[in-house]
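This report walks through one protein model for a reader who has not seen it before. Please look over the sequence and structure first.

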Amino acid sequence: MECFDCVIVGTGPAGLGAAFALTDSRPGLSVLMIEKEKVSTGGLRNDCKMNFSYPIGFPRDVWEKDEAERYLELLIDRLKPDIMEKYNLDVYRNRAEKIGAQLLYIRQAHLGTDGGIRLIRALTQELREREVAISLEEKVISVDGVRKVLTTDRREIGYRNLVVAPGRGGFSFLQDLMNHLGISFTDNSIDVGIRVETKEERYPVVRDYYDPKFLFPESVRTFCTNSGSAHVVQEKYQTSDGVPYYSINGHAYSETSTRNSLVNFAILRSVTLTEPLASGQRFAEMLGIQAMLIGGGHPIMQRVGDFRLGKRSTREHFSDDLYDFEPTLPSCTPGDISLAMPSKFLRSIWKSLKLLDTVVPGILHPSTVMYYPEIKLYANKPRFIDAHFQASPGIYLIGDGAGTSRGITGAWASGMRAAEGILART
Ligand SMILES: Cc1cc2nc3c(=O)[nH]c(=O)nc-3n(C[C@H](O)[C@H](O)[C@H](O)COP(=O)(O)OP(=O)(O)OC[C@H]3O[C@@H](n4cnc5c(N)ncnc54)[C@H](O)[C@@H]3O)c2cc1C
């Protein structure tokens with residue numbers, strides 16, 4: 001059986017951050033990265049807009065500002081991102097402040113889905129040149145923390161240190177692992193909302209600020225804005241009982257791709273659940289299934305014009321001349337999101353959209369599409385035994401799946417932080 005100084009599960013930004021930091025400092029270390037997909041990495045390949053300002057992507061419960069900024073500077077040194085200019089910020093900021101909202105100033109770079117894939121290729125190539133072994137299409141099944149052996153769908157592998165970075169898609173895998181290894185965790189917060197899609201001319205702020213982060217009362221925020229060649233997508237998830245459901249997302253191609261002049265962004269409300277229902281995962285599953293029920297097995301889409309009139313949308317409403325663009329995810333079912341979305345989320349989000357329409361007039365045009373559900377589970381919060389995300393001796397849990405990040409840069413930083421812990425012990 002082969003044995004490595006460090007095995008990294010997942011080749012997303014968290015895993016990459018760990019691999020680079022380990023091999024930067026200790027070139028002779030034997031490192032293996034295992035990835036269950038054909039193409040290396042998860043989230044980096046979707047839109048790849050990177051935020052280089054705290055606290056975007058850095059959950060405050062595990063990150064102090066100074067610490068996050070130290071890692072961000074190291075990441076900037078490595079990736080040399082092309083930080084995008086912003087214009088007219090004061091106009092939008094002043095308008096937002098007058099009505100009790102806020103516009104955050106964030107340093108951003110945008111590669112697009114195609115640019116993200118090129119970056120992944122370059123990064124994995126560099127790691128291979130450093131003699132990091134990368135095994136694709138191999139899935140980690142379980143970990144024996146006593147023997148320090150992990151089992152994949154192909155073999156058994158020994159490790160001295162294990163970094164587990166399976167992303168949001170690995171949420172259940174991580175929960176099973178933590179249960180098996182006796183690592184306690186909570187999973188009690190959740191972000192639920194909709195994705196808005198409209199013509200760029202109705203949300204022109206994106207020409208000044210690629211991914212504007214607005215904060216509204218009641219823990220509502222805009223998130224993950226895409227424009228230029230922007231598309232709404234659906235991601236398939238499974239409940240713990242194997243029932244499929246979808247969550248909406250969005251991405252864009254780089255500026256070199258054909259423009260469709262549409263914009264999409266998420267507007268989400270965060271809620272922390274308390275007793276007796278404390279599992280964000282279970283709650284998300286129930287919401288996902290409820291949306292599938294109302295949408296006949298698909299997510300739901302509704303025109304703002306119909307929503308305002310208190311009517312469901314129908315297929316005809318997506319071809320009328322009043323409704324003047326085709327949705328980019330037409331497989332969704334035209335319907336009524338208020339039948340599927342709990343009012344705690346819907347009321348705050350609708351209130352926030354009205355505020356947003358005051359800051360950027362036009363977003364609530366009747367043809368604007370609202371897609372539901374968009375659910376973000378960041379909430380596997382393991383109990384760590386040190387500041388480097390070590391959850392059990394020699395086992396580090398990082399990235400979005402472990403609640404140590406909420407975006408590409410935070411995930412990468414959590415990998416570097418875990419690597420520093422490993423290097424200090426090795
Ligand atoms: C559609 C979409 C668009 C996004 N756009 C942005 C954006 O523009 N900007 C931004 O900052 N963030 C964005 N995000 C979020 C971002 O992708 C994540 O925050 C980030 O990728 C988290 O990094 P990670 O390394 O923790 O997980 P991931 O990037 O998800 O990587 C985890 C990897 O682990 C692998 N894996 C999981 N389980 C196993 C297993 N058992 N065995 C082997 N391999 C396994 C997965 O296949 C995956 O490749 C987006 C996410 C999505 C889904």
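Setting aside residues up to four places away in sequence, Ala18 touches Ile8, Val163, Ala165, Ile398, Gly415, Ala418 and Ala419. Two residues are in contact if their C-beta atoms, placed from the backbone, lie within 7 Å. The model is predicted: local features need pLDDT of at least 70 and side-chain atom pairs count only at pLDDT 80 or more, while totals for chains, interfaces and linings use all residues. Residues are numbered from 1 along each chain as its sequence is written.

Ala18 and Val163 touch the most other members of the largest nonpolar core, which has 122 residues. Such a core is a set of buried Ala, Val, Leu, Ile, Met, Phe, Trp, Tyr and Cys residues joined through C-beta atoms within 7 Å. Its largest share, 8 residues, comes from helix H10 (residues 408–425). The core draws at least three residues from each of domain 1 and domain 2.

The protein is divided into domain 1 (3–85 + 108–186 + 380–425) and domain 2 (189–376), with bounds that come from an automatic or database domain assignment. The C-alpha centres of domain 1 and domain 2 lie 29 Å apart. The contact takes 14 residues from domain 1 and 11 residues from domain 2.

On the side of domain 1 that touches domain 2, the elements giving two or more residues are S5, helix H4 (112–129) and helix H5 (171–181). H4 gives the most, with 4 residues. The residues of this side divide into 4 nonpolar, 7 polar and 3 charged. Here Ala, Val, Leu, Ile, Met, Phe, Trp, Tyr, Cys and Pro count as nonpolar, Asp, Glu, Lys and Arg as charged, and the others, Gly among them, as polar.

## Gln108 in strand S5

Gln108 lies in strand S5 (residues 108–110). Helices (H or I, at least four residues) and strands (E, at least two) are DSSP runs, numbered from the N terminus. Gln108 counts as buried because it has 23 C-beta neighbours inside 10 Å; a residue is buried if 20 or more other C-beta atoms lie within 10 Å of its own, exposed if 12 or fewer, and partly exposed in between.

Beyond its neighbours within four places in sequence, Gln108 is in contact with Lys49, Met50, Asn51, Ile83, Met84, Tyr210 and Asp211. Gln108 and Pro212 are 104 residues apart in sequence and 9.8 Å apart in space, C-alpha to C-alpha.

## Strand S13 and its partners

Strand S13 (residues 220–227) is largely enclosed by the rest of the structure, because 8 of its 8 residues are buried. Strand S12 (residues 213–216) runs antiparallel to S13 and is joined to it by 2 bridges; two strands pair if DSSP finds at least two bridges between them. Leu215 has Arg221 in S13 as its bridge partner. S12 and S13 form a hairpin with 3 residues between them, and Glu218 in the turn has a positive phi of about 65°.

S13 is also joined to strand S16 (residues 262–272) by 6 bridges, and the two run antiparallel. In S16, Arg269 is the bridge partner of Val220.

## Helix H7

Helix H7 (residues 280–294) has 15 residues and reaches 21 Å from its first C-alpha to its last, close to the 21 Å expected at 1.5 Å a residue. The expected span is 1.5 Å times one less than the number of residues. Buried residues in H7 include Gly280, Phe283, Ala284 and Leu287. Among the elements covering the buried residues of H7 are strand S11 (189–199) and strand S14 (229–238). Just after H7, Gly296 takes a positive phi of about 60°.
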